[in-house]
Amino acid sequence: MQLEGIDRLRRCLGLLREPVKCVAVCHSLEPLGQGSWNALRDNPHMILRDDLPWAGWHMLELALSHERHVSTACLWVDYGSGFSEADSFLLQVKSGRMAKRLVYFPKRPKRLRLCPVRHAGQFSIEAFRLAWLSPWFAHKRLLRRLCGAHPQWRGRDVGEVLAGLRDEAGEVGVPFREWLWYQYDQTFRRRCTQADYAVWLAHHPISDERGIRRRIREVDGALGAVGEPVDGSTRPFCSVILPVIDPDPPLLIECLDSVLSQHFQDWELCIAVAASAPLAVYRVLDEYANREARIRLMPQPERVPVDDIPGRAMAMAQGRFVAMLGQEDCLTAEALLCVAELIAAHPDVLLIYSDEDCLNVSGERVAPCFKPAWNPDLALSRDYVGHLTVFERRRLLAVGGLRAHCGGGVMHDLLLRFVRDLPGSRIHHVPRVLYHRRLGQGGSRCENESHDVGLRVVSEAVALMSPLARVEPGRVVRGYRVRWPLPDPAPLVSLVIPTRDRVDVLRPCVDALLARTRYPNFEVLVVDNASRCPRTLAYLSHLRRDHRVRVLGWHRPFNFSAINNFAVGHARGTVIGLLNNDIEPINGDWLEEMVSQACRPEIGCVGAKLYYPGGRIQHGGVILGMGVIAGHAHRHLPGDAAGYCDRLQLVQNLSAVTAACLVMRREVFDEVGGFDECNLPVAFNDVDLCLKVREAGYRSLWTPYAEAYHHESASRGEEKTPEKRRRLEREIAYMRRRWGRELDHDPAYNPNLTLAHEDFSLR
């Protein structure tokens, strides 16, 4: 290894208090100068042999700069018998940020192997240190991590966590300290949705035969008599609709077998086949229909347009519920059982959908799609519901069933007509993969949906909501943008900006607002929280000469909630915009986009897409439960990233959005009592506000079409002092008391996705 590379490594590896005289052997690593490295292949590493840490607890600290927004680093330990998986420590490192975790060495290592990144490419090690800790301090940090990041123990009291872990350790027959450490280590395990899906599946086995039998007995008892007599027979619980056009016969067989192998047996399979289908397909269908009485096959030959085939299959259905199946796709064996269980628990449900994944050409399960609960605005942006979708048949017939002219958009069209005026409480999501789509075979015809058809489908649905709204192509394939109309005249918007000194932050914010905002009717309310800086005071004096700006004085201790409530009380607008003093809008129509959304009667809070100054994502909406209370979706992803299932590019409903850039109607703000000044003076007040708005019956919304830079906490700094930490702990405790259940069950997220990271990786 080149001398410069060794020197750089020595400066980074602060393993001891004295400078490290380490001997490092690098594998697949090429020094590039200035502390940078080039990983020549995946999983490069360096082996450290000298001046290694002693036995005991240590804090592993690692900071990297790399091409990916997050890297999985690993530290391997050799105690004399070689490196092993059991003696390794994983750590997720976001580029440019320090990552930390506890490590424990039962004895002094003989060697350490550091794998800083998983993938080939360039990176640099900014810091790497193993700092010795006292056992007392290490245990305190360990429990803090469990209470803050573990999905089972997040937000719980330390005593409750310890008692629960002791009980678990006894149940599994593992020493308590080992179980405690195992649970801590699990909070650092990140499984990528794509690359690690097979590993995730291995940790989520299907129910055993005894469990399936028990579930069937329970659902049969709950459902009771599920049908009415039809021509002397019993109406089936569910009709599975299978339009057959031109499938590959072996894949069609797999599709049919997936229905026959259902654990829940009260179904019928209604098949309509195109006259142009190959003879081999007819033979397969005849064979299955002859041996299974629950298969109903449309009489042949019958010359009908291909687009009419799904409707013909649906016309045969007699079940209480109807589900559509692609001709080469497959159901999981428990699919209909899960549907029946949900209906037993919620008898008034009318629409059910599930998560799904794909089968590649080798038959392997890949590309899972874990969906949110019912999300009306996301459904207008994209047909995210997809498969498996189960409709109550009587309502399906009442809304006109399938419409052939919609072609590849037939299911999106049906969905939007079916849910019109339907309360969200009658739409349920099963957060389990119950459906496998076939990749590369054309089995799911809606994959080939033309954009023109999709635009027409969404436009027809939106026209019934607002005749003046326009629908246009979105930023991603099969994505749509709805431009909702502004009221005429455009309402006055009061933009509230609390500030104290830091004119270097405030000036770019206000100047950008005044220069770039094309919205025709707004005022800026700058709330000065006792600024003393002469330059700041001079700038505020300058602002007073602009008729669009008012400067209000707040001469009390900082309280974000109280300052904003005070400013809203002085606002003249019927629409309120809440802005941090470190926000800089990017696009001129940002406010028009947010106000047009906020003026919809059903919408409460509207949030924007925020970027760090370097261009990475700072706010893609707020996900409840991440960390202790909430976190920002997709934080640190590249600014142009599509996000999980393209959600960074789609308008959608979220449980909360940040008040760093938030727009809402004044009447909604007043209705819920504004911000909580007493319990939440600094942190989480925006999450609390959004949850109160949701409790009042409104939907919060995040839009990627209002964009701004956010210098995040540039004016206040981080929570580092003991006083600030104690205040933060009080606010956390209040949020847990007030919103505990909501924080643990975010309907805009999915329980199969992690709450330890903000990247939608697998739990």
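Residues are numbered from 1 along each chain as its sequence is written. Because the model is predicted, local features need pLDDT of at least 70 and side-chain atom pairs count only at pLDDT 80 or more, while totals for chains, interfaces and linings use all residues; side-chain values use heavy atoms, without hydrogens and water.

Aromatic contacts were examined first. Rings of Phe, Tyr and Trp (its six-membered ring) were paired if their centres lie within 6.5 Å; planes under 30 degrees apart count as stacked, over 60 as edge-to-face and the rest as tilted. The structure holds 20 aromatic pairs. One of them joins phenylalanine 89 and tryptophan 181. Their geometry is edge-to-face, at 6.1 Å centre to centre and 80° between the planes. This pair links distant parts of the chain, 92 residues apart. Phenylalanine 89 belongs to strand β8 (residues 88–94), and tryptophan 181 to helix α4 (residues 176–186). Helices (H or I, at least four residues) and strands (E, at least two) are DSSP runs, numbered from the N terminus.

Accessibility was classed by relative accessible area: buried is under 20%, exposed is over 50%, and partly exposed is in between (1.4 Å probe, protein chains only). Phenylalanine 89 is at 5% and therefore counts as buried. Tryptophan 181, at 21%, counts as partly exposed. Another pair is formed by phenylalanine 391 and phenylalanine 418. The ring centres lie 5.1 Å apart and the planes meet at 70°, so this pair is also edge-to-face. It links strand β21 (residues 389–392), which holds phenylalanine 391, to helix α13 (residues 410–418), which holds phenylalanine 418. The two residues are 27 residues apart. Both phenylalanine 391 and phenylalanine 418 are buried. Ring pairs also build a cluster of Trp57, Phe89, Tyr104, Phe105, Trp181, Tyr184 and Phe188.

Charges over rings were identified where NZ of Lys or CZ of Arg is within 6 Å of the ring centre and within 35 degrees of the ring normal. Arginine 113 places its charged end over the ring of tryptophan 76, 4.6 Å from the ring centre. For arginine 294 over tryptophan 267, the distance is 4.0 Å.

Helix α10 (residues 335–345) is mostly covered, with 8 of its 11 residues buried. These are Ala335, Leu336, Leu337, Cys338, Val339, Ala340, Leu342 and Ile343.

Side chains of opposite charge can pair when their charged atoms come close. A salt bridge was taken as a side-chain nitrogen of Lys or Arg within 4 Å of a carboxyl oxygen of Asp or Glu. The count comes to 40 salt bridges. Among them, arginine 438 pairs with glutamate 254, with the closest N and O atoms 3.0 Å apart. Arginine 438 lies in strand β22 (residues 427–438) and glutamate 254 in helix α7 (residues 249–260), so the bridge ties together parts 184 residues apart in sequence. Arginine 438 is buried at 6%, whereas glutamate 254 is partly exposed at 37%.

Glutamate 392 and arginine 394 meet in a salt bridge at 3.2 Å, N to O. Glutamate 392 is buried at 10%; arginine 394 is exposed at 66%. Glutamate 707 and arginine 475 form a salt bridge, their closest N and O atoms 3.3 Å apart. Here, strand β36 (residues 699–710) is linked to the loop between β23 (470–473) and β24 (480–483), with the two residues 232 residues apart. Glutamate 707 is buried at 14%, and arginine 475 is partly exposed at 39%. Finally, a network of salt bridges links Arg215, Glu334, Glu341 and Arg432.
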